[in-house]
Amino acid sequence: MMHLLPSPPIVSFPANPSLLLVSLSPPSCPPPKRSSAVVSAISRDVDSFTSKSGYLFSLSADESDSLSEYNFSRIDGMYKKKPLILLRRLAQIGTTFGFWFGLRLADEALNRSEQMFKVRAAELRKLLVELGPAYVKIAQAVSSRPDLIPPIYLDELSLLQDQITPFSTEVAFSMIEDELGRPIDEIFSEISPEPVAAASLGQVYKARLRRTGDVVAVKVQRPGVRAAIALDTLILRYIAGLIKKAGRFNSDLQAVVDEWATSLFKEMDYLKEAQNGIQFRKLYGSIKDVLVPKMYTDYSTSKVLVMEWVEGQKLAEVNDLYLVEVGVYCSFNQLLEYGFYHADPHPGNFLRTYDGQLAYLDFGMMGDFRPELRDGFMEACLHLVNRDFKALAKDFVTLGLLPPTAEKGAVTKALTDVFQGAISRGVRNISFGDLAGDLGITMYKFKFRIPPYFSLVIRSLAVLEGIAIGISPNYKVLGSTYPWIARKILTDSSPQLKSSLQSLLYEDGVFRIDRLESLIAESLRTETALVQKPVEGGTDSKIVMKQIFAFTFTEQGSFVREILLRELAKGLDALGLATFDSFPSMPFSGSRPSTSLTEEDITNLRTFYRLISLFSGMQKEENVSTQVNAVTKYGETNTPLPEASLVMYQLPSAQEMIPILSILNELPQESQQRLLQLPGDLVGRLVSRAFARTIRRMFLQ
């Protein structure tokens, strides 16, 4: 909310109260009593919202106190006792939008739409401001989507982020004194005479704390905002019910409104916002180039918030894709690491500080993404990228998007039709916005539901991609963050994610080495530019090998290490059988089969080669790789080179192993100890396989 405009002059508060430049109650006078209703006489220069809709917030003290949190039944009961206010508001909303749409239709009829486009956009912005905070908040949600909103409308709606007409400074200062219970000059030694920024819920002043000398931002809540939003959410909820019935929507639109309204009411509790800011700073303030301002809870109440002053420019107004990447990375940390996320990331809430950091502002609207939903979201991304649409259909059930009774086969086919084209372009080219749009028809056909929590998550991601698109039209959020998701899936201790990884890597009992290669390659591409430049094919392979080994032999890599050990044991076992088969039969040994290798053994042999290649960083001649793929069934081809010899030929030479050995010496001591245990583990597994095969052949032959 707080985009910092050029600072107005600071008004000094000298020690002598009589010399104050702003009219305040002298310290000898008792602090003003807490008013039971909003001050009715604001000033001669009232803001347009108060001028048009001031009648909304003439409530009694008990009614005002009852709006401390969102409660539909309470709000419904309150306004049923005020039918005239309800009818007047309905008439105001209907006539306001009706008049504007009438003008648009007239423009169409008179063939002057293009000439009047900018005029109508400006008129719409003014109408939204007059209608109040609820409509401004809705407009803010779409003002960050340049791919959805025409540029002229986008420019106008973006003004709603921080350039709304402020209310009276006299009333704001009175509210500060009222809330903090003492004269303003006892709290601040300096304060700006006018707000530096104004938004839908409040406005901000720049000040200096008298006790510490810290420069702070003082946010004061707009009078009557709770009453106005309470009535508008009541109306929106009834409209949502009518739309659901008329349009036969699958989603519970009223629950979506309830979720949004609950978050909005929490946003109006500034003391709660201060606590959110403290939690956000604790969790994410240590991320490189992320700045989370300090909160001053001793000077904050439900209607006044004091926080560290931050100066900078809107992120959307500077061409800094690196900081966009930092923001996306931080947001995915919020969603998928801790679940505590910023649910109102419009451009006005992101600043690029003058020292190049990304500052987060406005912590009123936060969301909580539960662990099972976090895992379900990552599984959905994983299955989407790997084209496992059958598993993706199950993920949608887990996320609450599909009812458990949905026909999985039909859904899988529909998802394949929707996503196949997008996925074929590669993970780095997947657009979150395009996927959401392509899914629309399928969602309606199969009765997809939008759970209340999901609307905030989707909005958070959509806004982020919208900001990024404004800077780089080809930016893709999923493509940028999939490396982080891949690393998270490979290293997370969640049983749900481990099970999902197991299912992904073993399809019908066959190990999918290609999927493991893809996951490791993506995870090593780094989460974002936040860590370092991506590791691509043209970079030093030694860096890649070191990262692979470092990851595999850590505690976090234990699950993947277990899978790799299992497959290496299978490959070595198959290699031993192939080597044995390559020896000529001994005299008098009797006849023996031309080969004891099964199709599974040959598959294991190929997997073994690819694992060795993966961990050695080898780049062999393309024709050699083709030879391996060409050998389908040993004994059925005329290939002069036996399978064992072919694989042995492609294994790294002693000279090629020297860089690997040097990397092993650079690993942490703990990783080296795990590496030393590897031969013993492999021998144990090989003995177990050989014993099991001997027993099996004794009883089956």
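Student: Which loop holds arginine 387?

Tutor: Keep in mind that this is a predicted model. Phi of arginine 387 is near 60°, a positive value in a residue other than glycine. Its relative accessible area is 40%, so arginine 387 is partly exposed. As for the place, arginine 387 sits in the loop between α14 (371-385) and α15 (389-398).

Student: Asparagine 111 has a positive phi too. Is asparagine 111 buried or exposed?

Tutor: Asparagine 111 has a phi near 55°, and its place is the loop between α4 and α5 (113-131). The cut-off for exposed is over 50% relative accessible area. Asparagine 111 comes to 64%, so the residue counts as exposed.

Student: Let's go to α4. What is the accessible area of the nonpolar patch that Leu84, Leu87 and Leu90 form together?

Tutor: Start with leucine 84, which belongs to helix α4 (residues 83-109). With a relative accessible area of 69%, leucine 84 is exposed. Taken together, Leu84, Leu87 and Leu90 make a surface patch with an accessible area of about 330 Å².

Student: Which residue meets arginine 89 in a salt bridge?

Tutor: Arginine 89 is in helix α4, and its partner is 143 residues away in helix α10 (residues 225-247), so to speak a link between distant parts of the chain. Both side chains of the pair are buried. The N to O distance is 2.8 Å, and the partner is aspartate 232.

Student: What about glutamate 311 and lysine 206: how far apart are their closest N and O atoms?

Tutor: Glutamate 311 lies in the loop between β7 (304-308) and β8 (312-314), while lysine 206 lies in strand β4 (residues 202-209), 105 residues apart. Glutamate 311 counts as partly exposed at 34% relative accessibility, whereas lysine 206 is buried at 13%. They form a salt bridge in which the closest N and O atoms are apart by 3.3 Å.

Student: Why do α12 and α13 count as roughly perpendicular?

Tutor: Helix α12 (residues 270-284) and helix α13 (residues 321-338) have axes 11 Å apart. Phe280, Leu283 and Tyr284 of α12 make the contact with Cys330, Asn333, Gln334 and Tyr338 of α13. Angles of 65 to 115 degrees count as roughly perpendicular. The two helices fall in that class because they pack at an angle of about 95°.

Student: How does the α21 and α22 pair compare with the classes: what is the orientation of α21 to α22?

Tutor: Helix α21 (residues 495-505) and helix α22 (residues 513-523) pack at about 130°, with axes 8 Å apart. That angle makes α21 oblique to α22. On the α21 side the contact uses Leu501, Leu504 and Leu505, and on the α22 side Arg515, Leu516 and Leu519. So the orientation is oblique.

Student: Zooming out, what share of the residues of the protein chain count as buried?

Tutor: The chain has 30 helices and 14 strands, and its accessible surface comes to about 32,500 Å². Buried means under 20% relative accessible area. Of the 701 residues, the share that counts as buried is 53%.

Methods. Residues numbered from 1 in each chain as written. Predicted model: local features only at pLDDT ≥ 70, side-chain atom pairs only at ≥ 80, totals over all residues. Heavy atoms only, no water. Patch = residues over 30% accessible without salt bridge, like charges linked within 9 Å, V, L, I, M, F, W, Y side chains within 5 Å. Areas by Shrake-Rupley, 256 points an atom, 1.4 Å probe, with all protein chains shown as cover. Salt bridge = Lys/Arg side-chain N within 4 Å of Asp/Glu carboxyl O. Helix = DSSP H or I, 4+ residues; strand = E, 2+ residues; numbered from the N terminus. Buried < 20%, exposed > 50% of the residue type's maximum accessible area, 1.4 Å probe, protein only. Axes fitted to C-alpha atoms, helices over the stretch in contact; angles between N-to-C directions. Parallel < 35°, antiparallel > 145°, perpendicular 65-115°, else oblique. Contact = heavy atoms within 4.5 Å.
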